[in-house]
Protein chains: 2
Amino acid sequence: MPRTPRQPRAKATVNAIVEAGFLSLSEHGVQGTTTRHIADLAGVSVGSLYEYFANKEEVFEAMHHHMVAEVVAMVEPMTPALVRMEIRDLIKELLFGFRDLLEKNQGRYLRYMSYAAYFAPRNHMEPIQRLLMNLLLQYVIHHPQLARLGNLPAMGYIMINGGVFTVLRYLSEPNPTIGFEELVKGLGDMVAHFVEGELRKED
Amino acid sequence: MPRTPRQPRAKATVNAIVEAGFLSLSEHGVQGTTTRHIADLAGVSVGSLYEYFANKEEVFEAMHHHMVAEVVAMVEPMTPALVRMEIRDLIKELLFGFRDLLEKNQGRYLRYMSYAAYFAPRNHMEPIQRLLMNLLLQYVIHHPQLARLGNLPAMGYIMINGGVFTVLRYLSEPNPTIGFEELVKGLGDMVAHFVEGELRKED
DNA sequence: CGGGAATCCGAATTGAATCCGAACAAACAG
DNA sequence: CTGTTTGTTCGGATTCAATTCGGATTCCCG
């Protein structure tokens, strides 16, 4: 049963372990990331690690929460500005921000993401999906003509998942055949044309 | 150094091991899939497993090849018919076929796919991506008006990755909020409107 | 048949994950 | 201050899965 850290010293320990988790993942990949490794990098002993984490997986879960929290911290302040933009600009802003976040710290979040399906198999992207679905709703509220669009949940699902996963996959690619700008422009065009097309169909 | 099976008996062993890999993955997930487990399910000893596979990961790679081969075997015969269809019908045909394939055998391929990022981090989808890119090219050849479209590689990248990953993610979802038909229709609309919009822009 | 190659086996080895009890540090009451 | 309680850290002991290895068994060709 893992303990919750009370004293600041312990909180520092927990934090160091999570940091070390990202470091080790970047350096050695999943296979090479052992508890001893993490503990060494964190400057504590394995025993200490198991004081606060029931098992190795929980360390990865904590890393996951860090990442999600940062994404939320990025998107939420942007939201008021985003909902007033043209759709193409919104997508551009969002995806560039997303890329920068993922590549921060030698791509620690990106690296983590490519293994996330293993560590957090169930719904690991759900909070982010909800965040973006909320952004979409806010956007529709600020652009009432969009309310005429048909199946908003399905549209949102496709745009969010298609967009997020395509960008993730793109950024993980060792030598991509297209540029990130092209990708972002293409995604923007795709969504913009789709919206126009659907609105035209309504008439 | 793994040996290549020569006698039919050995080929059966190799096959049983790969089959057992899928079974074990379905039953016990990644964590629960041990070499002993696979060997037991295959009705052979661990030692035999290591005769033909250098390590556990190679078993997963063999499973991967099985899956990719089946996808190719599904798409290639469909191609001549697909390239003559309306874009929406093509997408519908392709995605329903894809779903059926993934859900065959109690979803063994789907189950495998959700862990694939871990086992085959580098380029594990590349053959499928190439297959679909080729389909796209053939399609453009049969619909010459599409040749006026702008950045085909980027478009293809987005449609293929966005489509494949969205469907994969959707099928892995325990209780999806939208129906598969809606998803397929939405993807079809998205692509169709995009094509129309781009063609209109060219004028 | 007889012998060498191919196949199969499962106990032994190895190394990582996890547990645990003792040692050390902080907080705090009297 | 000082004894006690509670929180924290440590690293060796244990457990379990991956992989190895030497020998037993089966196949197949001459």
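Colleague: Which residue forms a salt bridge with Asp100(B)?

Modeller: A salt bridge is a side-chain nitrogen of Lys or Arg within 4 Å of a carboxyl oxygen of Asp or Glu. For Asp100(B), the partner is Arg99(B). Their closest N and O atoms are 3.6 Å apart. Bear in mind that this is a predicted model, where local features need pLDDT of at least 70, side-chain atom pairs count only at pLDDT 80 or more, and totals for chains, interfaces and linings use all residues. Residues are numbered from 1 along each chain as its sequence is written, chains are lettered from A and ligands numbered from 1 in the order in which they are written, and side-chain values use heavy atoms, with hydrogens and water left out.

Colleague: Is Asp100(B) buried, partly exposed or exposed?

Modeller: Go by relative accessible area: buried is under 20%, exposed is over 50%, and partly exposed is in between (1.4 Å probe, protein chains only). Asp100(B) is partly exposed, because its relative accessible area is 44%.

Colleague: How many salt bridges are there over all chains?

Modeller: The count is 15. Take Lys185(A) and Asp189(A) as one case: their side chains meet at 2.8 Å, N to O. Both residues lie in helix α8 (residues 180-202) of chain A. They are four residues apart, about one turn of the helix. Helices here are DSSP runs (H or I, at least four residues), numbered from the N terminus.

Colleague: Why does Lys185(A) get one accessibility class and Asp189(A) another?

Modeller: Read the two values. Lys185(A) is exposed because its relative accessible area is 51%. Asp189(A) stands at 4%, so it counts as buried. The pair also belongs to a network of salt bridges that links Arg88(A), Lys185(A) and Asp189(A).

Colleague: Which parts of chain B does the pair of Arg3(B) and Glu51(B) link?

Modeller: Start with the bridge itself. Arg3(B) and Glu51(B) have their closest N and O atoms 3.1 Å apart. The two sit in distant parts of the chain, 48 residues apart: Arg3(B) in the segment before α1, Glu51(B) in helix α3 (residues 46-52) of chain B. Glu51(B) has 32% relative accessibility, so it counts as partly exposed.

Colleague: Let us turn to loops. Where is Thr33(A) found?

Modeller: Thr33(A) falls in the loop between α1 (8-32) and α2 (35-42) of chain A. Its relative accessible area is 0%, so Thr33(A) is buried. Its side chain reaches the backbone oxygen of Gly29(A) at 2.6 Å. Contact means heavy atoms within 4.5 Å. Leaving aside neighbours within four places in sequence, the contacts of Thr33(A) include His28(A), Ile38(A), Lys56(A) and Phe60(A).

Colleague: And His143(A): which residues does it touch?

Modeller: Not counting residues up to four places away in sequence, His143(A) touches Val83(A), Arg84(A) and Met85(A). His143(A) is in the loop between α6 (126-142) and α7 (152-172) of chain A. It is buried because its relative accessibility is 15%.

Colleague: Next, backbone angles. What is phi of Asn105(A)?

Modeller: Asn105(A) is not glycine, and its phi is positive, near 50°. Gln106(A) has a positive phi too, near 55°. Asn105(A) lies in helix α5 (residues 87-119) of chain A, and Gln106(A) is in helix α5 as well. Asn105(A) is partly exposed at 39%, while Gln106(A) is exposed at 72%.

Colleague: How many residues of chain B are in contact with chain A?

Modeller: There are 39 in chain B, facing 39 in chain A. The two chains bury about 3500 Å² between them, 62% of it on carbon and sulfur atoms. Buried area is the accessible area (1.4 Å probe) that two parts lose on being put together, summed over both. Zero salt bridges are counted between the chains. On the chain B side, α1 (8-32), α5 (87-119), α6 (126-142), α7 (152-172) and α8 (180-202) each supply at least two residues. α8(B) gives the most, with 13 residues.

Colleague: What rotation superposes chain B on chain A?

Modeller: Two copies of a chain are related by a rotation about an axis and a shift along it. Here the rotation is 180° and the shift 0.0 Å, with an RMSD of 0.1 Å. The copies are thus related as by a two-fold rotation axis. In chain B, the C-alpha nearest the axis belongs to Gly162(B), 2.0 Å from it. Superposition is by least squares on the C-alpha atoms of residues with pLDDT of at least 70 in both copies. The same surface serves both copies, as 97% of the contact residues of chain B recur in chain A.

Technical notes: Polar contact = N/O pair within 3.5 Å; in protein donor to acceptor, adjacent residues only side chain to side chain.
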